Amino acid sequence: MLGLTLVACQKPAEPTKTESAASQPAQAKVEDLVIALDWVPNTNHTGLYVAVEQGYFKNQGFNAKIVQPSEDSTSTLVASKRADLGVYFQPNMVKRLNKGEPITAVAAILQHNTAGLLSLKSLDAKSPKDLKGKRYSTWEDPIDDATVAALVGEPLQKIPGESTDAGTALRMNQFDYILAYYGWDGIHSKIKGIDTNFFFLKDYQPVFDYYSPVLIANSDSLKQNPERYKKALAAIREGYIYAAQHPVESANILIKHAPETNKELAIESQKYISTQYLMDNGDWGCFDYARWDRFFNWVYQQKLIEKPFPSKAGVTNDYLPSPMENNPASAAQSASSEK
């Protein structure tokens, strides 16, 4: 298994339309592929839209449809086989796996967690501990609240509610800090000229370097048709590698497919998030199983679930493609060097 994982995580060459098309056999039948987002289209999703625009899905024999479901219903769509893949988050999977939902994370969209605590700079907090006693905007999710409490300290002064523009809400004094994602709310605040502090969760406790977001698939469907999912992930992998290497161009592709998106925010967010897609070796999608397990073990230790999850619960690297399988030019170069 380790050998397979290492092969699937080697550094790939940059994908191109020509190479991708040349490397794929003629498809006798085009299959529909439904991908459910987690929220409104944003730069977490750019690689998916790139894969549509650049023809990577088509080259693998898919007619891909990207849909935006209602709030927190992505796992339901995937579990019920109404969507083939879905964008989700490791913390959200706890509740679903605990209920026995047949979902499995098959690719890490980002390699590291970009979530953190956002507050106004005028609050003069130097670390999360300085936020103790301040008003915390909560979605009332038990795992999120326990995460924040572990960094800030109990008790949390909770202000229930949701904000689609965290920086503006802070400036309007609706609350003092919020759990947010730097690639969207952090960047958005900068664009608006709102001076903020951002404390990345992973910088204060490594256990909070959980995977967020991920792609999930139906566990039964994976077993029934593994090649279908390998082909789908091969197309998506090409999309995210392109996005990592061409942030402005890929941001414009996102805007083309989601014209309601704030253009300036999309481009500036893409410049940041494109640095987060790939592993150190330049490949995309692989999970570190130890890091995955460590977060779920923390959830159990906090008594947020009654029983611990087994190792590698709800996650696999088995459907990620090998770069050698999808880039003949790279394979030939490797073979030549071996000679």
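Residues 24 or more positions apart account for 77% of the contacts (heavy atoms within 4.5 Å) in the chain with a separation of 6 or more. The model is predicted, and local features are reported at pLDDT of at least 70 and side-chain atom pairs at pLDDT 80 or more, whereas totals for chains, interfaces and linings use all residues. Residues are numbered from 1 along each chain as its sequence is written, and side-chain values use heavy atoms, with hydrogens and water left out.

The chain contains 17 helices and 10 strands, taken as DSSP runs numbered from the N terminus (helices: H or I, at least four residues; strands: E, at least two). Of its 339 residues, 58% are buried, where buried denotes under 20% relative accessible area, exposed over 50%, and partly exposed the range in between, for a 1.4 Å probe and protein chains only.

In soluble globular proteins, nonpolar side chains tend to be buried together. A nonpolar core is defined here as a set of buried Ala, Val, Leu, Ile, Met, Phe, Trp, Tyr and Cys residues joined through side-chain atoms within 4.5 Å. The largest such core has 59 residues, and those with the most contacts inside it are Phe-57, Leu-215, Ile-236 and Trp-284. Helix α12 (residues 226–245) gives the most to this core, namely 10 residues. Apart from it lies another core, of 45 residues, which includes Val-148, Leu-179, Phe-199 and Tyr-289. When residues up to four places away in sequence are not counted, the residues touched by Trp-284 include Leu-215, Leu-233, Ile-236, Tyr-240 and Leu-320.

Leu-215 belongs to strand β10, from which Leu-215 and Ala-217 point one way and Val-214, Ile-216 and Asn-218 the other, all of them buried. Two strands are treated as paired if DSSP finds at least two bridges between them. Strand β3 (residues 85–88) pairs with β10 in the antiparallel sense over four bridges, with Ile-216 as the bridge partner of Gly-86. Strand β4 also runs antiparallel to β10, to which five bridges join it; Ile-103 stands opposite Asn-218.

Strand β9 (residues 196–200) is largely enclosed by the rest of the structure, because five of its five residues are buried. Thr-196, Phe-198 and Phe-200 point one way from this strand, and Asn-197 and Phe-199 the other way. The antiparallel pairing of β9 with strand β5 (residues 115–120) comprises five bridges, and Leu-120 has Thr-196 as its bridge partner.

Helix α15 (residues 289–301) has 13 residues, which at 1.5 Å a residue should span 18 Å; the end C-alpha atoms are 18 Å apart, in agreement. The expected span is 1.5 Å times one less than the number of residues. Among the buried residues of α15 are Tyr-289, Trp-292, Phe-295, Phe-296 and Trp-298, and their cover includes α6 (90–98), β4 (103–108), α7 (142–152) and β10 (214–218). Asp-288 caps the N-terminal end of α15, with a side-chain oxygen 3.0 Å from the backbone nitrogen of Ala-290. The helix is followed by Lys-303, whose phi is positive, near 60°.

His-246 lies in the loop between α12 and α13 (247–257) and is buried, with a relative accessible area of 18%. The C-alpha atoms of His-246 and Lys-271 are separated by 8.8 Å, although these residues are 25 residues apart along the chain.

Key: A polar contact is a pair of N or O atoms within 3.5 Å; within protein, one must be able to donate a hydrogen and the other to accept it, and residues adjacent in sequence count only if both atoms are side-chain atoms.
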